[in-house]
Amino acid sequence: MADTIVDLERKYYIQQLGLSAGQASALTPQDLDAQIDSRAYYAIPSASNYKPNNTIAENMPRSYIGNTSNGAYLSGRLQMYPMYLTAGMSITSIVWTSGTTLASAQTNLWAAFFAPDLTKIAVSQDELTNMVPATTERVFNLVGGPYVIATTGMYYVGVCFVGTGTPTPLSFLGNAVVNVLPPNLNAQSNQTGLTTPASCPNTVVLFNTGNAIAYLQVR
Amino acid sequence: MSLSIADLRRAWYLQVLGFSVAQGAKFSNSDLAYQVYSNPGAIGGGGAQPPTLVQSNYKAAADLTENYSRVLAGTLTTGNLISGRISLQGIYLTSGMPVTSLVYVNGTTLGVGQTNLWAALWDINGNRVAVSQDETTNIVPSVTEKVYTLVNGPYSIATSGMYYSSYTWVGTGAVPTLLGTTSRDVVTGLAPIITGNGANTGLTNPASSPLSVNLATITPQNAIPYVQVR
């Protein structure tokens, strides 16, 4: 008869302690269970337990993203952030939240979704002059979505603003010294002068790592 | 006494997640095989580090859990407290957890004219599970931890899920602040709300606390007080 999970836990615990067969036989199952329980944390302490219900994944826990004035966007460059996504996730949209500095003279605003090697998977519709109010969510639906993640890994989300202001995202204020370590947590595209989703490069080259990491969700 | 590699991976996964024997027994072999497969980092397979482990590895030894990692609780002026209102914080609790007390840490601003102070625990439907004793005029010094022991505890959590811890201060003057972190209401207010003030006003002591709060009428806040459960 196959071992139950409880049997396995007991055996594994004995092996962890390095007990001989003779030593182990001196312990009753009740002894073992009590010892294993004394090491239990009880909680499954995952930040994902706190994510919004309708969100498939966040790039960081929503508890920590109170910065609204850093990480200003430059017109015509993609702002690139990684997101760890797992196989089977079905991605319909990218959700970006604005900070307190508004865009001005906006002509285009769109998002794009990239594979871990920074090749383009999809782009969103163009929001054109539809600016995002301060500290407000904007849902960018991916054209041709949903996209089902085939391989678990670090994907990239890009957001491109075109206009004359320098809008800020809702963000966590980290530091470029560590953000630049691969995989880069917040960079711009080396490609400049982007305008519409059609101008989105097929492969992005990262450039100019920043401090503030925008809060992103996928739904 | 020999274990197959698959057995070892399943057992290791359970113990590294910190499950008790009773919790672990609720999983079938195939459930576990799937979880191990879907969390390659958790078995040292060269993936990213397992996200499910980060927080518990750094929690205070005395705590059963916390609402977020203490590593990131660095703001001494959080809370957005209002005298006589319930300030609620979402906290994920798991089956079997014996909850004896809720712990808040005060910030740098002291309350003025305090008459009452208590904490309470609520379930995902906003029903009250337990309340603490009333601290009445016992003011918590600045940047000091305060343990609110639940009356008639410990309460054993039957179902894993989001619960709410609450803090209610009553006084005549300035409200105190708490240690916490700062987010924004635009995201903390997404369901399930993780911090905000309940709609009930004019509460005076634990006996006046409602038996349930309407979670749909919580006013989300930017700041999230740091909560520990013991």
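Me: In what order do the six strands of the open sheet in chain A lie?
Reply: The pairing in this sheet of chain A is antiparallel, and its edge strands, each of which pairs on one side only, are β6 (120–123) and β12 (206–207). With those two strands at the edges, the order is β6-β5-β9-β2-β11-β12.

Me: Which residue of β9(A) is the bridge partner of A:A111?
Reply: Strand β5 of chain A covers residues 108–114 and strand β9 of chain A covers residues 153–162, and these two strands pair in the antiparallel sense over seven bridges. In β9(A), the bridge partner of A:A111 is A:V159.

Me: How far apart are the closest N and O atoms of A:R138 and A:E127?
Reply: Side chains of opposite charge can pair when their charged atoms come close. A search of the whole structure finds six salt bridges over all chains, and A:R138 forms one of them with A:E127. Because A:R138 lies in strand β7 (residues 137–141) of chain A and A:E127 in the loop between β6 and β7, the pair ties together parts that are 11 residues apart in sequence. Both residues are buried, and the closest N and O atoms of A:R138 and A:E127 are apart by 2.6 Å.

Me: Are B:K146 and B:E135, which form a salt bridge, buried or exposed?
Reply: The closest N and O atoms of B:K146 and B:E135 are 3.0 Å apart. This pair links distant parts of the chain, with B:K146 in strand β8 of chain B and B:E135 in the loop between β7 (128–131) and β8, 11 residues apart. As for their accessibility, B:K146 and B:E135 are both buried.

Me: Which residues are joined with B:R230 into one network of salt bridges?
Reply: B:R230 forms a salt bridge with B:E145, and their closest N and O atoms are 3.2 Å apart. B:R230 lies in the segment after β15 of chain B and B:E145 in strand β8, so this pair ties together parts that are 85 residues apart in sequence. B:E145 is partly exposed, with a relative accessible area of 39%. Through salt bridges that share partners, the residues joined with B:R230 into one network are B:D63 and B:E145.

Me: Over which residues of chain B does pLDDT stay under 50?
Reply: Chain B averages a pLDDT of 85, and 77% of the residues score at least 70. Where pLDDT is low, the predicted coordinates should not be read in detail. The stretch of chain B in which pLDDT stays under 50 has 18 contacts beyond four places in sequence in the model, and it covers residues 40–54.

Conventions. Residues are numbered from 1 along each chain as its sequence is written. Chains are lettered from A and ligands numbered from 1 in the order in which they are written. This is a predicted model: local features need pLDDT of at least 70, side-chain atom pairs count only at pLDDT 80 or more; totals for chains, interfaces and linings use all residues. Side-chain values use heavy atoms; hydrogens and water are left out. Two strands pair if DSSP finds at least two bridges between them. Helices (H or I, at least four residues) and strands (E, at least two) are DSSP runs, numbered from the N terminus. A salt bridge is a side-chain nitrogen of Lys or Arg within 4 Å of a carboxyl oxygen of Asp or Glu. Buried means under 20% relative accessible area, exposed over 50%, partly exposed in between (1.4 Å probe, protein chains only). pLDDT is the predictor's confidence in each residue, from 0 to 100. Contact means heavy atoms within 4.5 Å.
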